[in-house]
Amino acid sequence: MKAVQDSLLAPSRFKAWEPLLWLLAFAAPWAVPGHALIVNEIAIVALFALSLDLILGYAGVVSLGHAAFFGFGAYTAALFAKLVMPDPLTGLLVGMAGATVLGAVCSLTILRGSDLTRLMVTLGMALILLELANKLDWLTGGSDGLQGVVMGPVLGRFEFDLMGQTAAWYSLSVLLGLFVLARRWVHSPLGATLKALRDNPLRAMAIGIDVQLRLAVVYTVAAGVAGAAGALLAQTSGFASLDVFALDRSADVMLMLVIGGVGWLYGGVLGAVVFKLLHDVISGITPQYWTFWIGLFLVVLVLVGRDRLLKPWSWFGKPKAHGDSA
């Protein structure tokens, strides 16, 4: 029995190389302080991509409105800091809680219909929240954004600095903590049932799995993780604007998963690193046409194949994911 339990838990345990990888990530803001802000951005979008992978890669739910939870977490954390208290950790929990409640409500809208229906419903939810944030300018600042968000020190000791080092370490710490929890969760019995309903919902229903309950749970959890990413963005930038609800934010995180791979939590992290670095480098060379080069990279990625194009990353030990043909 113990041998069976160990074999089931093995995928959720850290491999020998993984602590080194995370140590390098945490060392980056200190080693290259001039790039601490980009490290912070990568950590935030990696957490956002991880949240989308929970519903797309493990439950098979396609969403073009995942920015709804990201933006709701951002505005909730920013308003909490401005109107209640500036403690970052408390604000992070409040932002996560708000996005989780929103996810629980929105999960009722994805339980029926086809993938196309879910795609339109999720997109519609993000557009509704975008318009609400624009109209409620007395609360959100409208098109000018919510300004004047001042955060207190992390744990009462670490002040946010202009170089972005504290912000980077703060975001990386949250990313690591939620990554570990998410990996334990997807490799639990509940995670196994999610993969079963992703592969064949009718067969999963036939063997007694409550498909609707599982979809509602994973959608709610993913919304909370996306809300944490949004809260981190608002806290580390001191600003929340309407673009946190924008369609291109949902599209960008989808592209990150296309680059990194779905059904593999490191796929979101890898995709975020590649996407943000490409964005930073290419936009520095050709600011007007950087989207063309990103599009060309995606076409080559699909035609050539991710495994061959990103061969240096093969030591990550990525398993073959469902529907992952790129």
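# Helix packing and ring pairs

Q: Within what distance do the axes of helix 3 and helix 13 come, and at roughly what angle do they cross?
A: Axes here are lines fitted to C-alpha atoms, for helices over the stretch in contact, with angles running from 0 to 180 degrees between N-to-C directions. In this predicted model, the axes of helix 3 and helix 13 come within 8 Å and cross at roughly 140°.

Q: How is that pair of helices classed by angle, and what is the handedness of the crossing?
A: Under 35 degrees counts as roughly parallel, over 145 as roughly antiparallel, 65 to 115 as roughly perpendicular, and the rest as oblique. Helix 3 and helix 13 are therefore oblique to each other. For handedness, picture the near helix turned from the far one by less than a right angle: anticlockwise is left-handed, clockwise right-handed. The crossing of helix 3 and helix 13 comes out right-handed.

Q: Which residues make the contact between helix 3 and helix 13?
A: Contact means heavy atoms within 4.5 Å. From helix 3 come I38, E41, I42, V45, A46, A49, L50, D53 and L54. Helix 13 brings L265, G268, V269, A272, V273, K276, L277 and D280.

Q: How many helices and strands does the protein have?
A: Residues are numbered from 1 along each chain as its sequence is written, and side-chain values use heavy atoms, with hydrogens and water left out. As the model is predicted, local features need pLDDT of at least 70 and side-chain atom pairs count only at pLDDT 80 or more, while totals for chains, interfaces and linings use all residues. Helices (H or I, at least four residues) and strands (E, at least two) are DSSP runs, numbered from the N terminus. The count is 15 helices and zero strands.

Q: Which residues of helix 2 are buried, and which helices are included in what covers them?
A: Buried means under 20% relative accessible area, exposed over 50%, and partly exposed in between (1.4 Å probe, protein chains only). In helix 2, the buried ones are E18, W22, A28 and P29. Their cover includes helix 3 (36-56), helix 8 (165-186) and helix 13 (265-285).

Q: Which residues are linked with W22 into a cluster by ring pairs?
A: Rings of Phe, Tyr and Trp (its six-membered ring) pair if their centres lie within 6.5 Å; planes under 30 degrees apart are stacked, over 60 edge-to-face, and the rest tilted. A search of the whole structure turns up seven aromatic pairs. Ring pairs tie W22 into a cluster with F179, W264 and Y266.

Q: What kind of aromatic pair do F48 and F70 form?
A: F48 sits in helix 3 and F70 in helix 4 (residues 67-83), 22 residues apart. F48 is buried, at 2% relative accessible area, and F70 is buried too, at 1%. Their ring centres are 4.6 Å apart with planes at 35°, so the pair is tilted.

Q: And what kind of pair do F160 and Y170 make?
A: F160 lies in the loop between helix 7 (137-140) and helix 8, and Y170 is in helix 8, 10 residues apart. F160 counts as partly exposed at 23% relative accessibility, whereas Y170 counts as buried at 5%. With 5.9 Å centre to centre and 75° between the planes, the pair is edge-to-face.

Q: Which residues does V211 touch, not counting those up to four places away in sequence?
A: V211 lies in helix 11 (residues 211-237). At 9% relative accessibility, V211 counts as buried. V211 touches L197, P201, A204 and M205.
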